[in-house]
Amino acid sequence: MTKPHPPSESPSEEAPNVPGFRTWRGIYVFVLFWFIGCVALLAWLSHAFK
Amino acid sequence: MNWIDWLVLVGTMVGIAAYGTWRTRHTRNLNTYLKGNVNTGWLTIGLSVMATQASTITYLSLPGQAFESGIDFIQNYFGLPLALIVVCIVFLPIYRKLGVYTAYEYLGKRFDAKTRLLGAALFLLQRGLQAGITIYAPAIILSTVLGWRLDLTILFTGLLVVVYTVTGGSAAVNLTQKWQMGVIFVGMVAAFVILVLKLPPDATHIAGALGKLQGVDFTPDLKRRYTFWSGILGGFFLSLSYFGTDQSQVQRYIGGAALREGRLGLMFNAVFKIPMQFFIVMLGALLFVFYQFQPNTPVFFNQTEWQRHAQGSQGAELRMIEAKFAAVHAEKQEKIRAWVAARDGGDATLESAARTAMIESHQAANALRQQARSTLLALDPTVKTKDSDYVFITFILTQLPHGLVGLLIAVMFASALSSKAGELNALGTTSTIDLWRHFRPLAVHDEARNVRNAKWFTALWGVFAIGFALFIGFAENLIEALNIVASIFYPSLLGVFCVAFFFKRVGGSAVFGAAIVAQLLVLLIFFCGKIFPAHEIGYLWLNPIGCAGCIGFSLLFQWLLGRRNAAIAKS
């Protein structure tokens, strides 16, 4: 039987290989700020179009 | 629908299904069948995750929900990006490192066989029920408005998805979901553009003034269903359990060439999910404005049901309500125009008076819609009075050009198939790996037999879902029904996983007992809320309560077990 993927990768060391981001932490921080931006925009929308 | 619509609909649906079946017809390898092609890239994984989560209910019911009560449902997704970050950091690396096929295999490795079986059983129970809803929801609406037979619509949708999911497994699911998402994207954007072109210039201000654009509510009220707090906390736990512990999602991202692909696929969802949902709820809010200026806006959007009763012998009262509503609706239109003129004029006093008159008129129209529902219910107690699910489909059928109608109906079917395929694939996999192989340990190394059984289980779940869909009926708004079922069964499962990841000293017996107690606690709170509505809490709160309960009971039971073992050892 074919075995599942061997655990060859080292999660903490693997680089995201995404332009502009050297670490996964950078990507997570970006997503966090993106989310805050979305909520802020929605709050503005709620306020501006009362 | 004319022949162009049929051509687009059948061509798109059958074409994608046939393509998926043909491309994956030689899948014999268990790993490919259960996890998908090893070369699957992050975009395919991301789209697959998105397609599995967003069923027809998202595209059909959510605009209706926003039409009815505004865009506040968007807050339900506030916890999602945060949950996906946690899945990327904690859950995904562990699943990849252990090379498991299912999330519940991990529970078996971390705790014991009974905890693994409990996790698998909780998943099969709630996902099996939801699979029925996923197939029933679009079928009931489409068959009603298009005049198709409900049973044939369910059978066609169900069998089509069963064919390619059984044939190609996860590889076919990933492949077809990518194309189906393409159809959905094109169709929804086209509908949105046409709607915007039909709107008056002050559409967003009108929607806002009539309370449809309240996207964030910071009120700390447990009884309100959608607030910032319930979204961020309840939504976080709901998303964490869905993406981290539900096999239909886990299966989408544990495949791929490397950990990077799964992580980027999830981050793709973390970035695009809220904007996508915003786009859909805005569609609903703008549909609301559109129908304020339509002369023949129905008092009840399920016109098939309405006409059936209004034209019957006892339909006089319904016809009277319809006439009254038409008059109030016309008056409201004038009040809205007057408010827009006053607003543009810049006179605050005039604007305020016009706004009050407009809101009063809107409330009068709403009261008539409510009266229409109660009268309809009095005439026929079996009728479903929540008509918001019919708003968007009514727009599609009456306002879009031919060809696009077919494409939008294809969107509804594509989303049903993509979501259903992910579910069936996961149900078949969990049944094979966590149940069948558990009771047939000698068959573990027979690859051909494993693939054959995975196919059989997938087909069986497909038949179960079709059968369930043929015999059910729902009163709640459909998207809420799905989330409520999830909020009842997910929390204790998430609690088990949290204990597994973060509380290394807790063993299988403690967490097993804790999961059962936490599940009972959630059921108790839910049913108490139904029996005593005054004390009902928003269903999203069941998620943190159930999860925290499971963790708390685990720690308590482990402590008690430790004390008992110490006492035994001492004696």
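Let's begin where the two chains meet: in this predicted model, 32 residues of chain B are in contact with 25 residues of chain A. On the chain B side, four helices each supply at least two residues: H2 (30–35), H5 (80–98), H9 (203–209) and H12 (259–292). The one to look at is H12(B), which gives the most to this side, with eight residues. Sorted by class, the side of chain B that touches chain A has 18 nonpolar, nine polar and five charged residues.

Now step back and take in chain B as a whole. You will find 21 helices and zero strands there. The radius of gyration of chain B is 25 Å, close to the 25 Å that the globule rule gives for 571 residues, so chain B is as compact as a globular protein of that length. Along its principal axes, the C-alpha trace spans about 85 × 55 × 50 Å. Of the 571 residues of chain B, 54% count as buried. As for how the chain folds back on itself, take the contacts in chain B with a separation of 6 or more: 86% of them come from residues 24 or more positions apart.

H17 of chain B covers residues 404–439, and at 1.5 Å a residue its 36 residues should span 52 Å; the end C-alpha atoms lie 51 Å apart, which agrees.

Conventions: Residues are numbered from 1 along each chain as its sequence is written. Chains are lettered from A and ligands numbered from 1 in the order in which they are written. This is a predicted model: local features need pLDDT of at least 70, side-chain atom pairs count only at pLDDT 80 or more; totals for chains, interfaces and linings use all residues. The radius of gyration is taken over C-alpha atoms; the globule rule is 2.2 Å times the number of residues to the power 0.38. A residue is buried if 20 or more other C-beta atoms lie within 10 Å of its own, exposed if 12 or fewer, and partly exposed in between; C-beta atoms are placed from the backbone. Two residues are in contact if their C-beta atoms, placed from the backbone, lie within 7 Å. The expected span of a helix is 1.5 Å times one less than its number of residues. Ala, Val, Leu, Ile, Met, Phe, Trp, Tyr, Cys and Pro count as nonpolar, Asp, Glu, Lys and Arg as charged, and the others, Gly among them, as polar.
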